[in-house]
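Welcome! Take a moment to look over the sequence and turn the model around before reading on.

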Amino acid sequence: MTIMAVLLFRRTHRSRNEGREPPKADLNNETEQDMQFFIDTADLEEIRAANELGVLDGVTTNPSLVAKIVQEPDRFTYDDFKAHIAKICEIVDGPVSAEVTTLTADEMIAQGEELASIDENVVVKCPLTLDGLKATRALSGSGIRVNATLVFTTTQAILAAKAGASYVSPFVGRLDDISTEGMALIRQIVTVYENYGYPTEVLVASIRHPQHVVEAALAGADVATIPYKVIGQLAKHPLTDNGLERFMKDAAIFGRE
Ligand code: G3P
């Protein structure tokens, strides 16, 4: 990329972000437009642990992630599900995606309103179906943020933006699973959104390993939603561990009181 092209890209990238709320944390090391890290789990312990690292901006859940943490499925009710989302909102001061479990637009709108009433940080996840689009338009029109989920093509992402979704969630891992490059989709969506100045944020989902996070950042994605295990892997390097061991050994000569 030439210097001119880089400058043009940066200007375009910034213009897509104009008018958005600045990232909530006012840390000294924050860049003009931070890449947001969400955790992709419904496990409260994982959410607490990730939150304590100080780099967590939000949470995404889906019905499968919630089902994973339910200990007594026969006794788990819809009220328990809503209470669980409320608990997540108490831990993390940032967007928490809660997914609708209905299929028609009317049902999704009613459920979306109910989920959004749990906490102001709840973002309603709607599937990218025709009914989901109608629900996305209605919910976002009434001021409720929507995360358009199960997105696998650029056309679906354009529809999500046109319907007013706050986030679009392309599933990169599931595309990789069927021998289709998930990150190519992210690059296309970022480009298309920049072309038209869509404010919808690109939330990279179905992340399986650290390289997905690197490539999401290189593509200029707004958010990566990352499983707890992968968040740990982001910090890990054997040379860091070896180097630390050596520093600790050498530091022994001057002690510590
Ligand atoms: O955020 C969506 C994500 O949970 C899907 O991940 O690993 O089930 O494809 P995965």
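Helices (H or I, at least four residues) and strands (E, at least two) are DSSP runs, numbered from the N terminus. This is a predicted model, in which local features need pLDDT of at least 70, side-chain atom pairs count only at pLDDT 80 or more, and totals for chains, interfaces and linings use all residues. Residues are numbered from 1 along each chain as its sequence is written.

- Serine 206 sits in the loop between strand S7 (201-204) and helix H10 (210-219).
- Phi of serine 206 is near 60 degrees, a positive value for a residue other than glycine.
- Serine 206 counts as buried, with 20 C-beta neighbours inside 10 Å (buried means 20 or more other C-beta atoms within 10 Å of the residue's own, exposed means 12 or fewer, and partly exposed lies in between, with C-beta atoms placed from the backbone).
- Leucine 150, in strand S5 (residues 146-151), is not a glycine either, yet has a positive phi of about 60 degrees.
- Leucine 150 is partly exposed, as 19 other C-beta atoms lie within 10 Å.

**Around the ligand**

- The residues surrounding the ligand include Asp40, Thr60, Ser206 and Thr225 (a residue is near a molecule if its C-beta atom, placed from the backbone, lies within 6 Å of it).
- This shell divides into three nonpolar, six polar and two charged residues (Ala, Val, Leu, Ile, Met, Phe, Trp, Tyr, Cys and Pro count as nonpolar, Asp, Glu, Lys and Arg as charged, and the others, Gly among them, as polar).

**Strand S1 and its partners**

- In strand S1 (residues 36-40), four of the five residues are buried.
- S1 pairs with strand S8 (residues 223-226) in the parallel sense, over four bridges (two strands pair if DSSP finds at least two bridges between them).
- Isoleucine 39 has isoleucine 226 in S8 as its bridge partner.
- S1 also runs parallel to S2, joined by three bridges, and aspartate 40 stands opposite threonine 60 in S2.

**Helix H4**

- Which residues of H4 are buried? They are Phe81, Ile85 and Ile88.
- Seen down the axis of H4, its buried residues fall within an arc of 55 degrees, so they line one face of the helix (the arc is that of the directions from the helix axis to the C-beta atoms).
- On the other side of H4, the exposed residues are Asp79, Asp80, Ala83, Lys87 and Glu90.
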